[in-house]
Amino acid sequence: MRQIGKGFAGAFKLCSTLNLPRLTKTAYKNQDAKLLKVVQEVAEESMIKAATEIVDKKQNLSSDIVKCDISVDSTWQRRGYTSMNGCVAAISVDTGKVLDIEVMSSYCPTCKRLQTMPRNFEYESSKADHICQCNFTGSSSKMEVVGASRIFLRSEKNRRMHYTQYYGDGDSKAFMSVKDTFGLNSVTKFECIGHVQKRVGSRL
């Protein structure tokens, strides 16, 4: 169901239509958590492999850190600037493979539920066991800025790379937050031809 963008409600309706046994919401969430863990592990392994491929190709004897050109872009769960969930991706210009991603959310359903609960034993127990899913505070328009900054800051430690050439859209505010990551003006910005084609084409 996750592959077609559906959750528990969609699975419940499908099983009801096909007269199949239905999972409880708790059981569904448990399976969802297991799937998420596996997907995260596979994604991280894939990105590390993509980064290692570039490092092995470009590495020289003078430094263990490799300079790399990347394209940075973001996407949101909803159109416009009202989404509470978003993702920023760094893609290698040389190989076209994803090197790193930063998934951000400004909403946590458990925190929302805790706000309406009375202060009793159940509340304290739920609060103690809760791991907040929210890792971003602010408007959705700032997600790209924060996400790009996080990706650049951990590039040396996690990928053994310096992203020195930044390919993005013309109005990208994220570049201003990363241009001095490895030193003053250490990152150079280039215009992404894909964004140019999209903007010019839409106005013809």
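Start with helix α2, residues 25–58: this helix lies across β1, β2, β3 and β4 (161–168), and runs at about 145° to β3. Helices (H or I, at least four residues) and strands (E, at least two) are DSSP runs, numbered from the N terminus. Axes are lines fitted to C-alpha atoms, for helices over the stretch in contact, and angles run from 0 to 180 degrees between N-to-C directions. Contact means heavy atoms within 4.5 Å.

The model is predicted: local features need pLDDT of at least 70, side-chain atom pairs count only at pLDDT 80 or more, and totals for chains, interfaces and linings use all residues. Residues are numbered from 1 along each chain as its sequence is written, and side-chain values use heavy atoms, with hydrogens and water left out.

**Stop 1: along α2**

Keep α2 selected. Its 34 residues reach 49 Å from first C-alpha to last, close to the 50 Å expected at 1.5 Å a residue. The expected span is 1.5 Å times one less than the number of residues.

Now show side chains. Y28, M47, A50, A51, I54 and V55 are buried in α2. Buried means under 20% relative accessible area, exposed over 50%, partly exposed in between (1.4 Å probe, protein chains only). What do the buried residues of α2 pack against? Their partners are α1 (8–17), β1, β2, β3, α6 (155–159) and β4.

**Stop 2**

Hide the helices and select the strands. Five of them form an open sheet, in the order β3-β2-β1-β4-β5, with mixed pairing. β3 (98–105) and β5 (188–191) stand at the edges with a single partner strand each, so one side of each has no neighbour in the sheet. On average, neighbouring strands are turned by 30° against each other, direction ignored. Two strands pair if DSSP finds at least two bridges between them. Strands of a sheet pair through backbone hydrogen bonds, either parallel or antiparallel.

Walk through the pairings:

- β1 (residues 66–76) and β2 (residues 85–92) are antiparallel over seven bridges. Pick I70: its bridge partner in β2 is S92.
- β1 and β4 are parallel over six bridges. Pick V66, which stands opposite M161 in β4.
- β4 and β5 are parallel over four bridges. Pick Y166, which stands opposite K189 in β5.

**Stop 3: strand β4**

Zoom in on β4. Is this strand mostly covered or uncovered? Mostly covered: six of its eight residues are buried.

Select T164, which sits in β4. T164 counts as buried because its relative accessibility is 15%. Which residues does T164 touch, leaving aside its neighbours within four places in sequence? The contacts are K67, C68, D69, S186, V187 and T188.

**Stop 4**

Show the aromatic rings. The structure holds seven aromatic pairs. Rings of Phe, Tyr and Trp (its six-membered ring) pair if their centres lie within 6.5 Å; planes under 30 degrees apart count as stacked, over 60 as edge-to-face and the rest as tilted.

Take F8 and F12. Their ring centres are 5.9 Å apart and their planes stand at 45°, so this pair is tilted. Both belong to helix α1; being four residues apart there, they are separated by about one helical turn. F8 is partly exposed, with a relative accessible area of 23%. F12 counts as partly exposed too, at 37% relative accessibility.

Stay on F8 and show its surroundings. Beyond its neighbours within four places in sequence, F8 is in contact with L23, T24, K25 and Y28.

**Stop 5: F152 and Y166**

Move on to F152 and Y166. The rings have their centres 6.1 Å apart and their planes at 35°, so the pair is tilted. This pair links distant parts of the chain: F152 is in helix α5 and Y166 in strand β4, 14 residues apart. F152 is buried, with a relative accessible area of 1%. Y166 is buried at 0% relative accessibility.
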